[in-house]
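Please keep the sequence and the model in view.

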Amino acid sequence: MDAKKVLFITQEITPYLPESESSIICRDLPQGIQERGKEIRTFMPKYGCINERRNQLHEVIRLSGMNLIIDDTDHPLIIKVASIQSARMQVYFIDNEDFFHRKATVHDHNGYEFDDNDERAIFYVRGVFETIKKLRWIPDIIHCHGWLTALAPIYLRRMYLDDPCFSKTKIVYSIYDLPFNSTLGNRLAEKLKQDGVTDKDLKIIETPNFQSLTKLAIQFSDALIQGSMYIDPQTIEHIEKSKKLFLAYQSSDNYIDTYNDFYDMLIATKLKK
């Protein structure tokens, strides 16, 4: 039997970024799932604060060179890769001069979120999907971590709905206590509609803040995981109303085994599209 394949789309991974609840999980979980017999691919943005020389990043020429159009503007897609030797694990990086060369992640040194985080999120998610297609690597599970990945479920179910690479793929979204404070601009819905998303899909994000973006991810995911011990009670209520498969918060002692079992259960579950 072929090994099942899990794609991790993450917002942050240590050691490339400082340790946090999310970055530690996104470092240890892919390794643990790989050690339990599954094939993995792991992606994160190539923020400008990541030192390429120290972390031995290099461009993958055969995967780079595509242009992604966002709001009628072409943005070159650059793919880089590095290895975490102790984990025998590669990490792919989505890079672009317009979106990821600034010396910060999602906000500046004063804590103000970048005005183009909406387009950065779109570019990142689409960049991952296009790279996976070029790799001809068909995932059974996609597991998204962090709000920068929250658009992946709706893109999977709209723009990539008929793509054979993803026809049987199921998507999991982990919800962390990692919010953003502003909104993702006032044209997010308009930009998403250019990629095949409908007005009906977007009713839930009339105001594109963290809460509504999370609800959108919940709506289009197949399963949900509580990544932080505490998440907003309204989000928990929305999860319960969605009746989606849900895994409550797991401690660091046992979460990898529990997540692995959750993936197996999801793979075996026939879901309504």
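M44 touches T10, Q11, E12, I13, Y16, L17, I50, V91, Y92, F93, I94 and Y124, leaving aside residues up to four places away in sequence. Contact means heavy atoms within 4.5 Å. The model is predicted: local features need pLDDT of at least 70, side-chain atom pairs count only at pLDDT 80 or more, and totals for chains, interfaces and linings use all residues. Numbering runs from 1 along each chain as its sequence is written, and side-chain values use heavy atoms, with hydrogens and water left out.

M44 also belongs to the largest nonpolar core, which has 89 residues. Y16, M44 and L151 have the most contacts inside this core. Such a core is a set of buried Ala, Val, Leu, Ile, Met, Phe, Trp, Tyr and Cys residues joined through side-chain atoms within 4.5 Å. Buried means under 20% relative accessible area, exposed over 50%, and partly exposed in between (1.4 Å probe, protein chains only). Helix α4 supplies the largest share of the core, nine residues.

## The sheet

Nine strands form an open, mixed sheet in the order β3-β6-β7-β2-β1-β8-β9-β10-β11. Strands pair if DSSP finds at least two bridges between them. Helices (H or I, at least four residues) and strands (E, at least two) are DSSP runs, numbered from the N terminus. The edges are β3 (58–59) and β11 (245–247), each pairing on one side only.

β1 (5–10) and β2 (39–45) run parallel over five bridges. There, L7 stands opposite R41. β2 is also parallel to β7, through three bridges, with P45 and I94 as bridge partners. β6 and β7 are antiparallel, with seven bridges; I84 faces M89 across this pair. The two strands form a hairpin with four residues between them, and R88 in the turn has a positive phi of about 50°. Six of the seven residues of β7 are buried.

Angles run from 0 to 180 degrees between N-to-C directions; axes are lines fitted to C-alpha atoms, for helices over the stretch in contact. Helix α8 lies across β9, β10 and β11, at about 150° to β10.

How many of the 11 residues of α7 (210–220) are buried? Eight are: F210, S212, L213, T214, L216, A217, I218 and F220. Their cover includes α5 (152–157), β9 (170–175), β10 (223–226) and α8 (233–242).

## A helix pair

α1 (21–35) and α9 (255–268) pack at about 60°, with axes 10 Å apart. On α1, the contact uses I24, I25, D28, L29, G32 and I33; on α9, it uses Y255, I256, Y259, N260 and Y263. An α-helix has 3.6 residues a turn, so residues three or four places apart point the same way.

Most residues other than glycine have a negative phi, and most peptide bonds are trans. T14 and P15 are joined by a cis bond, with omega about 15°. P15 sits in the loop between β1 and α1.

D72 has a positive phi near 70°. It lies in the loop between β4 (67–70) and β5 (73–76) and is exposed, at 69% relative accessibility. K243 has a positive phi of about 60°. It lies between α8 and β11 and is exposed too, at 75%.
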